[in-house]
Amino acid sequence: MTNQASQATKSSQATKASQPAKATTPPLWLLAELTYQCPLHCPYCSNPVNMEETFNELSTSQWKKVFREAREMGAVQLGFSGGEPLLRKDLEELVAYARELGFYTNLITSGIGMTEKRIAKLKDAGLDHIQLSFQSANAEVNDLIGNKRHSFKQKLNIAKLVKAYNYPMVLNFCITAQNIHEIEEVMALSTELKADFVELATVQYYGWAYENREHLLPTKNQLEEAEQAVNRYRDQQDGVGPKFMFVTPDYYENRPKACMNGWGTTFLTVTPDGSALPCHSAKILPLTFPNVKDSSVQNIWEHDFSFNHFRGDDWMPSLCKTCDEKDKDFGGCRCQAFLLTGDMHKTDPVCDKSPDHHLMKTITDKAGQQTSSTLKFRTVKNNIPVKTIQDLTV
């Protein structure tokens, strides 16, 4: 453990004497990370860099228990995620059970592994919604970013199946310095595919994205030009065609995002091995998180120390506790505070009131510059021995 992590752990233990806030609302949104196995190897993946949780996955019956307990508490939306959830052979069975319980179900997928036979079974099982991800609007760049040959062609075919089976067409493009230059082509492709909603989501820097930040972070000018392009395209649409949502990284902002709508208030993530988290990145924090194999969802949500730890404002430093905006951003992201300062209790450095705000400029000043570090693909085994992404995007 690093000195920073050790200090943060001591800080965490010191606060145990205070009485943390309790849950006042049930988890409304359950994210089921069914597996961390994935056919793609994207360098911005939010999955943990340490992939030991790839193994010891929850069984079908254990996942059903989680769904049942969460639904009994009042959870209404269930996202099937990963990794790639299509790699679970029991996906259709889990979808059918979730539908029986009354969940609105959403499949978050790369599309790799989907077939018409599979999508028909998912439709019969009652799946409500499919979100399909692309890495680029350019076939070669798409395949390089995901480190998977012919994946772009497969995604196009899956997009057509999504429309053919009357699902809402929801696309997600993860925007980085590698593909931000083609934002107009991305919107044109989305229109061609008759998408209903398109999330143009600039990457948030956790997991593999944090490791590769120097390669992935766009410059402020690139972000501004991309946003202007999106606004121009919207104006030309005149209300017809896809609805585009442009999500920017908060590295260039002066106020932090209201992470997960507040710690332990709305979202519950369960990882492949059963760890229960208030957000999908929380495992990096120096806290001990519970496991659904050992405790009920209700007991975890209402009584576990890790879930209560950052609820309310008792945990906040005085800077946040006395701020008139604390009910908007809840002190910002705990994972980001830990990654950038080494102390999960500090004010998110994105906030310009934070004494650590200068760290953001140190990071963003490096955007667009050449880096000597090597781009790390997510647990890559077989690199594509062709041009580099940089060669294609120059």
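Helix α2 (residues 60-73) has 14 residues, which at 1.5 Å a residue should span 20 Å, and this agrees with its end C-alpha atoms, which are 20 Å apart; the expected span is 1.5 Å times one less than the number of residues, and helices are DSSP runs of H or I with at least four residues, strands being runs of E with at least two, numbered from the N terminus. The model is predicted, with local features needing pLDDT of at least 70 and side-chain atom pairs counting only at pLDDT 80 or more, while totals for chains, interfaces and linings use all residues. Residues are numbered from 1 along each chain as its sequence is written, and side-chain values use heavy atoms, with hydrogens and water left out.

Within α2, the buried residues (under 20% relative accessible area, with exposed over 50% and partly exposed in between, for a 1.4 Å probe and protein chains only) are Trp-63, Val-66, Phe-67, Glu-69, Ala-70 and Met-73. Their cover includes β1 (29-33), β2 (77-81), α3 (91-101), β8 (267-270) and α11 (297-303). After α2 comes Gly-74, with a positive phi near 120°.

Helix α5 (residues 139-146) is mostly covered, with 6 of its 8 residues buried, namely Val-141, Asn-142, Asp-143, Leu-144, Ile-145 and Gly-146.

Turning to a strand, β7 (residues 243-247) contains Met-245, which counts as partly exposed because its relative accessibility is 38%.

How values were computed. Contact = heavy atoms within 4.5 Å.
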